[in-house]
Amino acid sequence: MAVSEANNGRGELRILENLDELRTDLADYIAELSEAAVKERGAFAIALSGGSLIDLMGKLCEAPYNKTVDWAKWHIFWADERVVAKNHSDSNYKLAKDGLLSKVPIVPGHVHSINDSVSAEEAADDYMFVIRQLVKTRMVNVADISDCPKFDLILLGMGPDGHIASLFPNHSALDETDEWVTFIIDSPKPPPERITFTLLVINSASNVAMVVTGESKAEAVHLAVDNIGPDCPSLPARLVHPTEGKLVWFLDKQAASKLDGLQFSD
Ligand SMILES: O=C1O[C@H](COP(=O)(O)O)[C@@H](O)[C@H](O)[C@H]1O
């Protein structure tokens, strides 16, 4: 690992030499959280994103993780999903199924994907209902000070514009403070119709990991992580602050290249 440090309340930074090291560190981190959650409450509620994340989780399908992780206790959710059919190439579910879920022994009934046969608005309501039932049975933990779901782990990628899940800069979905899941029909990145966890749910998680690689994201990483003062534009990634949980950034050197004050050891 090149650098690992805590950063001004903006979470722990793990900056890895290369993608191979990042994949290993990420797999270790997820496996450790899974073990702790299963030991403590008998289940591991994990929310995935789409994009580059699934490929970066790939080591979980290999030894030792494929044998040592207690896959039967995993409950899978999506922090965001595109409102397309499950077999569509834009579907975050399909991405995760092809790249991860079909390669490890997850219980099919524990895979909580969205309803792909209704409108974006209905899919968001429907998903909130599903999560509410699982919070009632404590398959998904609950926040200490509200009835909000407290996922054991939410994994987020970040776009070059600083978007996380399907929360885009200057979009009204960022202001949603009541609902757990909301919808958009005007995503600046195709496809336009999506559902997404709100900041309320993201910031109620026990653990949030931001997994970001590549030089095209270096400026957004700098804006999200460094102390650049109160005049920061509406950068969704900067709004991730788990209230009772822990935030960890997994970065490769390229994504970390514009961070203030970092010295890499070669
Ligand atoms: O559209 C999306 O983009 C983000 C970032 O994707 P990446 O390929 O740049 O990592 C992703 O996290 C989100 O789930 C997805 O819907």
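In the loop between which two helices is proline 64 found?

Reply: Proline 64 is found in the loop between helix H2 (53-56) and helix H3 (65-68), where helices (H or I, at least four residues) and strands (E, at least two) are DSSP runs numbered from the N terminus. This is a predicted model, in which local features need pLDDT of at least 70 and side-chain atom pairs count only at pLDDT 80 or more, while totals for chains, interfaces and linings use all residues. Residues are numbered from 1 along each chain as its sequence is written.

The peptide bond that joins alanine 63 to proline 64 is cis, with omega about 0 degrees. Another cis bond leads from proline 190 to proline 191, with omega near -5 degrees, and proline 191 is found in the loop between E9 and E10.

Those two strands, E9 (181-184) and E10 (194-197), are among the elements that cover the buried residues of helix H5, as is strand E7 (149-150); contact here asks for C-beta atoms, placed from the backbone, within 7 Å. The buried residues of H5 are Ala120, Ala123, Ala124, Tyr127 and Ile131, buried meaning 20 or more other C-beta atoms within 10 Å of a residue's own, exposed 12 or fewer, and partly exposed in between. These residues cover an arc of only 100 degrees around the axis, taken from the directions to their C-beta atoms, and so lie on the same side of H5. On the other side of H5, Phe129, Gln133 and Lys136 are exposed.

The length of H5 can be checked as well: its 17 residues (120-136) should span 24 Å at 1.5 Å a residue, and the end C-alpha atoms are 24 Å apart, which agrees; the expected span is 1.5 Å times one less than the number of residues. After H5 comes arginine 138, with a positive phi near 65 degrees, in the loop between H5 and strand E6 (141-142). Arginine 138 is exposed, with 12 other C-beta atoms within 10 Å.

A positive phi, near 45 degrees, is also found at alanine 165, again a residue other than glycine. Alanine 165 sits in the loop between strand E8 (153-156) and E9, and it counts as buried, with 28 C-beta neighbours inside 10 Å.
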